Amino acid sequence: MSQTAIGVADATLDDAASPAPSVPKERSDPAWGAVLSLTLGVFGLVTTEFLPASLLTPLATDLGVSEGAAGQAVTATAVVAAVTAPTLAILTRTIDRRHVMWGLTVLLVASNLLAALATSLPMLLLARVVLGVGLGGFWAMSGAIAMRLVPAAMLPRAMSIILTGVSVATVCAAPIGAYLGDLWGWRATFLLAAVIGVLTLAVQLATIPRLPPLDVASVRALFDVGRNRMIRIGLIAILLVASGNFAGFTYVRTFLEQVPVLDIETISLVLLAFGVAGFFGNLAGGFVAGRSLRLALSLAPLIMAVAALILVIAGASPLFAAIGIALWGFGFGGVPVSVQTWMIRAAPEQAESAGGLMVTAFQVAIASGAVFGGVLVDHVGVLGPFVLFGLAALSAAIVVALLTPRH
């Protein structure tokens, strides 16, 4: 394995039993404009993913369906993204990667236009299926492309910049979507999201350089990557952290209503603190990952475990509940940049396959976390999901700390 391809002299990240495919030559000059265009793409995708949640009531009323049925728009996107993530790189392995990214952004625009024009639930679901293809493919390939846009030593910084789009969308998408939906209507909100996609595409057309395919993505590559010990550790960490996180976060409003007994205005402020803290957690995660991936990927879930402990023990206090939620957001904000950099460095020659497995693991963890959290809420009470959240996060920190060499 070439050190210049991954920027770290750590032989433990090279135990995938696969033929040595071509490794992209490291850039000497960072293409920050192209990195920014990926940030815009992530922002547009995550914003569109969140829109149905903030527009659910008027959307369901206009289409003449129940809110539960309209909520399946979110499920459809997640399921399609989980399937698309590991397969799209294989299906497009002979195509210049910039053309693939342009195509995925076009799907983002098309999805928003279809949603804005939807006259029935099936048409809305079709729009969300299109979004799922774009979302899964973009997430799976963005890390591998970032590796080809900047020198290896700058990869954590580049990933932090790209994932800033997630943090900003997390903070802004739901409240702004709800406000604009009330002001202009839910269809106009989707049209505005389509405009954001068009602007993103324009920036990508202007900044992303030629990225010839490396022609290594294949079904065999997925199995080869899965045999990489460091990839397996990363996937275990993702499954634990993400499932625990969404077991709790799915029911965070219920927790805040029942335990510290907050009103809706205060709950909104507390959730805003979660998003803002996540923004800074993302920046901090990129900083730490640039120095020690082992520390970054163990520290983030450890912070989340501490947050869960605060919520379970002292969550009845509005002050401690707010502190716990903000600390939770800060910890989780550092997870995406840590795990994505980890997966890329673990298998730099097969970064697209590694990225696909990462996205699939996230989607599976999100779904399972919500299911197990719901079972605990029904049979144990609202604190149940947060106990699971804390145990899962702590387990992830222990797995990374104990199984990963210090380098």
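Q: What is the relative accessible area of Phe280?
A: In this predicted model, local features need pLDDT of at least 70, side-chain atom pairs count only at pLDDT 80 or more, and totals for chains, interfaces and linings use all residues. Numbering runs from 1 along each chain as its sequence is written; side-chain values use heavy atoms, with hydrogens and water left out. Buried means under 20% relative accessible area, exposed over 50%, and partly exposed in between (1.4 Å probe, protein chains only). Phe280 is partly exposed, at 48%.

Q: How do the rings of Phe279 and Phe280 pair: stacked, tilted or edge-to-face?
A: The whole structure holds 9 aromatic pairs. Here the ring centres of Phe279 and Phe280 are 5.4 Å apart and the planes meet at 85°. Rings of Phe, Tyr and Trp (its six-membered ring) pair with centres within 6.5 Å; planes under 30 degrees apart are stacked, over 60 edge-to-face, the rest tilted. The pair of Phe279 and Phe280 is therefore edge-to-face.

Q: Over the ring of which residue does the charged end of Arg291 sit?
A: The test needs NZ of Lys or CZ of Arg within 6 Å of the ring centre and within 35 degrees of the ring normal. The charged end of Arg291 lies 3.7 Å from a ring centre, that of Phe287.

Q: Which residues does Ser298 contact, leaving aside neighbours within four places in sequence?
A: Ser298 belongs to helix α14 (residues 293–314); helices are DSSP runs of H or I, at least four residues, numbered from the N terminus. Ser298 is buried, at 12% relative accessibility. With contact meaning heavy atoms within 4.5 Å, its partners are Ala397, Val400 and Ala401.

Notes. Helices (H or I, at least four residues) and strands (E, at least two) are DSSP runs, numbered from the N terminus.
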